[in-house]
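The sequence and the structure are shown first, and the description follows.

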Amino acid sequence: MGHIYNTGAQSVGVCYGGNGNNLPTKQAVVDLYKSNGIGKIRLYYPDEGALQALRGSNIEVILGVPNDKLQSLTNAGAASDWVNRYVKAYSNVKIKYIAVGNEVHPGDAVAGSVLPAMRNIQSAISSANLQGQIKVSTAIDTTLLGNSYPPKDGVFSNSASGYIRPIITFLVNNGAPLLANVYPYFAYVNNQQSIGLDYALFTKQGNNEVGYQNLFDALLDSLYAALEKVGAPNVKVVVSESGWPSEGGTGATVQNAGTYYRNLIRHAKGGTPKRPNGPIETYLFAMFDENQKQGPEIERHFGLFRPDKSPKYQLSFN
């Protein structure tokens, strides 16, 4: 059935993380997405309060299977129950992707569970006859790349290859995209001697020596190059997270973060040098500052909105 969903088609998405003790109710959060014209949301676990609030909204959803649930879903019956409970029960929620695991690394204890869990979730989705509208994937980070510069030389590392190649074969066979969390911020902070802030913020004049104006495109195209090298040139990359912190570390200011988000929203309407036909499906990280998020101080300052729902930046999402 052909539906035209205006909201999702032309807007970026925003990830909804809830690691805070001062955040709005789930309904208020979904209302904030609607009032800002944000047509896509990423949920990191099947949050039933959020799913309930999303009913009938037309907001497209990436629904996450948390890493601590991966092993249980290597059991086909458990995966079938999961799909029944969180997908079929919410038939009027527009779930688009299921992210089976987030940033799992080849050496992690759960690494061996990712593909079996993806297969079981896929089987349950197919049994429900939903395989046409819901694609099953996993969200990686760019540390799986052994080389990322110049972008055309992007390749998965030897250590990651055994883990990621069978997953990519699964994506090819099911017509699913690869979800990837892409952070120019961290690449810049970790390599300031060779990466200029302007290149990370999309504000560089002209292109660099390998034809790139910005770091986001370079990172994304290095992933595309790596996919080509494992025989998967047609797998699309969905940018399942990208953001910039407003305080707590190097380059983390409200001005830089606002510049990054504004330019990324504009840039995502187009493509990259390697994949010029846009848009680039992109989810900004994240909706709110999360005061209980673990890790360095910057981790608590990625929000586009403050917990009182006031905007940190002047952004137009579509």
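The sections below go from the whole chain to the barrel, then to one strand, and lastly to selected residues.

## The chain as a whole

The structure described here is a predicted model. Its secondary structure comes to 10 helices and 10 strands. The radius of gyration is 19 Å, close to the 20 Å that the globule rule gives for 318 residues, so the chain is as compact as a globular protein of that length. Along its principal axes, the C-alpha trace spans about 50 × 45 × 40 Å.

Of the 318 residues in the chain, 53% are buried. Among contacts with a separation of 6 or more, 69% are between residues 24 or more positions apart. The chain exposes about 13,300 Å², and carbon and sulfur atoms supply 47% of that area.

## The barrel

Eight of the strands form a closed barrel with parallel pairing, in the order S1-S2-S3-S4-S5-S8-S9-S10. From one strand to the next, the twist averages 25°.

Helix H5, residues 111-127, lies across S4 and strand S5 (135-141) and runs at about 155° to S5. Helix H10, residues 254-267, lies across strand S9 (237-242) and strand S10 (282-284), with an angle of about 160° to S10.

Strand S3 covers residues 60-65 and is mostly covered, with 6 of its 6 residues buried. Which residues point to each side of S3? Glu-60, Ile-62 and Gly-64 point one way, while Val-61, Leu-63 and Val-65 point the other way, and all of them are buried.

In the barrel order, S3 stands between S2 and S4. Strand S2 (residues 40-43) pairs with S3 in the parallel sense over 4 bridges, and Leu-43 stands opposite Leu-63 in S3. The pairing of S3 with strand S4 (residues 94-102) is also in the parallel sense and has 6 bridges. Here Glu-60 stands opposite Lys-94 in S4, and Leu-63 has Ile-98 as its bridge partner in S4.

S2, helix H3 (residues 48-54) and S3 make a right-handed β-α-β unit. S3, helix H4 (residues 76-86) and S4 also make a right-handed β-α-β unit.

## Buried residues in the helices

Val-114 is found in helix H5. The relative accessible area of Val-114 is 0%, so this residue counts as buried. Leaving out residues up to four places away in sequence, Val-114 touches Leu-70, Val-100, Val-104, Thr-138, Tyr-163 and Ile-167. One of these, Tyr-163, is 49 residues from Val-114 along the chain, and the C-alpha atoms of the two are separated by 9.2 Å.

Ser-222 has its place in helix H9, residues 215-229. Why does Ser-222 count as buried? Its relative accessible area is 0%, and buried means under 20%. Apart from residues up to four places away in sequence, Ser-222 touches Leu-145, Ser-148, Pro-151, Gly-154 and Val-155.

Asn-263 belongs to helix H10. With a relative accessible area of 13%, Asn-263 is buried, since the cut-off for a buried residue is under 20%. When neighbours within four places in sequence are set aside, Asn-263 is in contact with Leu-201, Phe-202 and Thr-203.

## A buried residue in a loop

Where does Gly-20 lie? The residue is in the loop between strand S1 (13-16) and helix H2 (26-35). Gly-20 has a relative accessible area of 18% and is therefore buried, as this value is under the 20% cut-off.

Not counting residues up to four places away in sequence, Gly-20 touches Asn-291 and Gln-292. Gly-20 and Gly-303 are 283 residues apart along the chain, and their C-alpha atoms are separated by 11 Å.

Note on methods. Residues numbered from 1 in each chain as written. Predicted model: local features only at pLDDT ≥ 70, side-chain atom pairs only at ≥ 80, totals over all residues. Heavy atoms only, no water. Buried < 20%, exposed > 50% of the residue type's maximum accessible area, 1.4 Å probe, protein only. Helix = DSSP H or I, 4+ residues; strand = E, 2+ residues; numbered from the N terminus. Pairing = 2+ DSSP bridges. Right-handed = clockwise from strand over helix to strand, strands pointing away. Axes fitted to C-alpha atoms, helices over the stretch in contact; angles between N-to-C directions. Contact = heavy atoms within 4.5 Å. Rg over C-alpha atoms; globule rule 2.2 N^0.38 Å. Areas by Shrake-Rupley, 256 points an atom, 1.4 Å probe, with all protein chains shown as cover.
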